[in-house]
Amino acid sequence: MFNNIIIRASAGSGKTFQLSNRYLDLAFGGVSLDAVLASTFTKKAAGEILDRILIRLAEAATEEKKRIALSEGISSGKGITRAEILETLAKAVRNLHRLRIGTLDSFFIQIVGSFCLELGISPGWSIVEDLDDRRYLSEAIRKTFADSRTDDAVRLMHLLSKGEVSRSVTEQVFSLSWELIEHFRDAPRSAWEKLPRRPLLSPEELSEALERFKNVPMPNDASFINSREKIWQKAIDGDWDTFFKEGIPKNIPMGEWKFNKKPIEGELAEVLRVLVDHAKAIAINKLAIQTEATGDLLERIFEQYERVKQENRALRFDDVTFRLTDSRLHDRLEQIVHRIDAPTRHLLLDEFQDTSPMQWEVLRPFALSAIESHQKSGGSFFCVGDVKQAIYGWRGGVAEIFETIENEIRPLTKQGLNRSWRSAPPVIEMVNELFGKLANNAALLEPEDLGDAAREWEARFA
């Protein structure tokens with residue numbers, strides 16, 4: 001029986017070696033290789049894992065020193081012979097087409113391909129190329145505005161751009177949609193209406209505040225007098241967008257009640273605070289209106305975009321994952337195993353820190369099934385990663401996924417790998433000096449205090 005293991009490994013400490021070791025451990029332990037799913041994030045990384053496995057077997061079959069090292073390095077390989085290594089290598093090469101060493105995306109695509117009808121996907125679908133995807137989104141935008149009344153479309157664009165269209169409408173809407181369409185799908189519609197509106201001064205209250213501000217005693221400094229005149233005129237003209245750009249109010253949003261190195265205090269601070277709150281409320285309310293308008297526009301575009309992709313039998317990689325999380329397939333593991341003709345009794349995950357919550361939602365049933373079979377038929381779970389190398393935040397990856405899995409998988413053996421075999425000592429010394437004292441780094445304390453985040457990160461650093 002193989003332990004369930006999670007390894008937190010630093011850069012250059014041998015993550016790929018550990019995963020290939022686990023794979024070979026299973027192979028020599030009598031596990032059928034089609035029951036093993038080894039997954040990572042890129043085709044290149046998957047190729048490196050497969051190469052590492054085959055090369056280690058080939059070297060162990062031809063060099064006695066490598067055979068001994070392989071035999072000693074895996075728990076199921078005590079005293080393995082050259083003949084056994086050759087047999088395992090031959091079996092792996094003959095069954096390359098059945099070895100399940102690949103990307104998470106390829107595994108998800110395989111499942112979706114077997115459940116098209118249940119998921120409402122047209123047979124013959126394919127992953128959309130980037131160029132075609134852009135074309136489909138452009139078509140969705142065109143159809144959205146074609147279906148909208150002219151005054152409605154103009155209102156939306158005015159809200160989105162705050163009345164300042166600096167480029168073509170098509171370019172502006174496309175850029176917005178391309179960046180946010182995936183987030184729109186993953187978030188509830190109500191998320192675009194979460195920003196609370198702030199109360200504004202009534203016309204009478206504003207007039208009274210401006211009159212007080214115009215006559216309030218000022219420090220004996222010409223710059224204060226000149227700045228007051230400009231602020232007063234901006235307020236009279238309704239130019240609140242530039243209220244904080246210069247003069248007395250410029251540094252107040254950062255909590256600094258000073259101007260020209262002199263404190264803003266007394267009655268001046270009292271009346272100015274009223275105007276500052278009013279200017280903040282105007283800015284926040286505009287942002288709230290703009291956010292709601294963005295959600296409104298994206299909702300219309302998203303409906304057309306999904307329709308265009310459906311007509312062209314096209315899915316994005318994130319669409320595949322979303323379809324699986326939005327289905328009830330996690331209750332139908334036996335059907336999945338039957339249709340893809342591959343049980344998953346042993347799950348091996350590489351670069352686990354880049355797994356998104358949505359991807360883990362799809363993987364969870366397979367992980368829990370492996371844990372369940374751990375007690376019955378010898379299944380297992382294994383993952384390796386490094387929170388310091390979480391690079392897929394743009395596609396939903398979260399380093400905190402380690403904490404999630406440690407709370408869900410039981411029993412679980414935790415291991416750490418912190419010795420780098422890749423970098424020279426001066427590089428490691430520099431990294432340790434910098435990140436081992438991260439909370440003392442002045443750059444993280446000003447202008448924004450990130451001390452708490454730095455201390456939390458430093459506590460995990462090894």
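Start with Leu 349, Trp 360 and Phe 381, the residues with the most contacts inside the largest nonpolar core, which has 37 residues. A nonpolar core is a set of buried Ala, Val, Leu, Ile, Met, Phe, Trp, Tyr and Cys residues joined through side-chain atoms within 4.5 Å; buried means under 20% relative accessible area, with a 1.4 Å probe and protein chains only. The model is predicted: local features need pLDDT of at least 70, side-chain atom pairs count only at pLDDT 80 or more, and totals for chains, interfaces and linings use all residues. Residues are numbered from 1 along each chain as its sequence is written, and side-chain values use heavy atoms, without hydrogens and water.

Next, select helix 15 (357-376), one of the elements that give two or more residues to this core. Helix 15 supplies the largest share, six residues. Helices (H or I, at least four residues) are DSSP runs, numbered from the N terminus.

Return to Leu 349. Its contacts beyond four places in sequence include Leu 19, Trp 360 and Phe 381; contact means heavy atoms within 4.5 Å. Leu 19 is part of a second, separate core of 31 residues.

Now show helix 5 and helix 14, whose axes are 10 Å apart at an angle of about 95 degrees. Axes are lines fitted to C-alpha atoms over the stretch in contact, and angles run from 0 to 180 degrees between N-to-C directions. The two helices are therefore roughly perpendicular (65 to 115 degrees). Phe 107, Gln 110, Ile 111 and Ser 114 of helix 5 meet Ile 336, Arg 339 and Ile 340 of helix 14.

Finally, select Ser 177 in helix 9 (residues 169-186). Ser 177 counts as buried because its relative accessibility is 0%.

Notes
Buried means under 20% relative accessible area, exposed over 50%, partly exposed in between (1.4 Å probe, protein chains only). Angles under 35 degrees count as roughly parallel, over 145 as roughly antiparallel, 65 to 115 as roughly perpendicular and the rest as oblique.
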